[in-house]
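Visitor: Could you walk me through reading the aromatic rings and the packing here?
Guide: Gladly; let us look together.

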Amino acid sequence: MPMLDIFNSDAFSVTSLTDAINKLKFVPGWLGSRGLFTESGVTTTSVAIEQKNNVLALVPPTPRGGPGVTLDKGKRSLLSINVPHFEVNDAVYAEEVQNIRPFGQESGEDSVMRLVGERMQTDGQSQEATIEYSRIGAVKGIVTYADGSTLNLYTLFGVAQPAEIAFDLGNANPASGVLRKLCASVTRSIAVALDGTPFTGVEAICGDAFFDDLIAHPEVRATYTNWLAAEELRQGYVSSGQIYGSFPFGGILWTNYRGQVGTTPFIATDKCHIFASGVPGLFRTYFAPADYFDTVNTLGQARYARQYMMQNQKGVHLDVQTNNLNICTRPGTLFQGRRTA
């Protein structure tokens with residue numbers, strides 16, 4: 001039987017290949033590893049999000065036995081957002097398979113599957129980086145895609161983008177407690193924007209220059225002086241693989257994010273992006289089904305892979321795709337900070 005006939009086996013079906021690529025150990029992004037985004041599959045290529053602008057009002061006193069007051073029920077609106085499609089095309093040619101010979105207990109199918117797996121892993125890493133970059137955009141409030149197109153969450157949800165916050169980190173003699181007060185002000189602003197929704201913490205992802213000046217700020221250094229947690233500050237630059245360092249200050253967990261596309265960092269060097277954590281449904285990832293006949297109207301998965309024979313029989317095409325939408329459902333809670341000298 002010709003070697004390439006193995007591609008007609010169950011091991012190379014859409015289901016098997018998709019299972020294989022989902023089991024591959026991709027290089028995960030920090031936001032993805034944090035579990036900040038709630039993931040869910042959808043059966044359609046768009047998602048509908050309902051907004052209800054609940055109105056909080058004080059209830060005035062009324063005479064006993066008389067009529068009460070009627071509160072505004074709030075307006076509802078329905079948003080429909082298309083789920084972007086990301087696909088990478090690759091191929092395994094007959095000449096690459098020709099010289100593969102089974103050894104030990106391995107079969108020819110096992111050897112070819114390893115070759116296919118290597119290709120899918122490379123393609124899958126690009127897809128994983130794409131998902132992470134979209135999530136970074138969701139934290140910023142504006143999702144940017146590789147083709148330069150954007151999804152402006154402020155415009156989409158009809159809310160004003162909060163004003164950028166200036167952090168005077170270059171001041172060698174800052175006023176006492178000014179940085180901590182600014183952190184408290186940001187936390188209160190987030191709480192107000194959440195309109196009573198509980199949250200468990202506040203976090204910030206920072207560019208390199210912002211983080212460097214923050215960790216060196218006199219007020220930060222003084223906070224950790226003669227305290228056991230000073231060890232935590234000294235280890236602020238210890239990398240866990242996904243970040244360069246992290247430490248808490250002023251009720252906010254500050255993280256120096258590690259990631260870039262080419263020479264462009266995911267986070268601008270002088271910026272930070274501050275957001276609430278522990279808010280159910282604040283950050284969402286939706287996965288739509290692939291554009292194959294056998295996946296139409298099925299529940300979307302994180303990634304898909306399939307193969308099909310070339311017309312000239314010289315090899316097989318490989319497709320790796322993800323159909324994902326990453327958003328913040330309340331972009332008015334997202335704040336951007338800027339380092340000033």
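Guide: Rings of Phe, Tyr and Trp (its six-membered ring) pair if their centres lie within 6.5 Å; planes under 30 degrees apart count as stacked, over 60 as edge-to-face and the rest as tilted. With that in hand, F37, F275 and F283 form one aromatic cluster. This is a predicted model, where local features need pLDDT of at least 70 and side-chain atom pairs count only at pLDDT 80 or more, while totals for chains, interfaces and linings use all residues. Residues are numbered from 1 along each chain as its sequence is written, and side-chain values use heavy atoms, leaving out hydrogens and water.

Visitor: How many aromatic pairs does a search of the whole structure find?
Guide: Nine. In one of them, F37 and F283 have ring centres 5.1 Å apart and planes at 45°, so the pair is tilted.

Visitor: What is the geometry of F211 and F247?
Guide: Their centres are 5.6 Å apart with planes at 65°, so this pair is edge-to-face. F211 has a relative accessible area of 0%, and F247 is likewise buried at 0%.

Methods
Buried means under 20% relative accessible area, exposed over 50%, partly exposed in between (1.4 Å probe, protein chains only).
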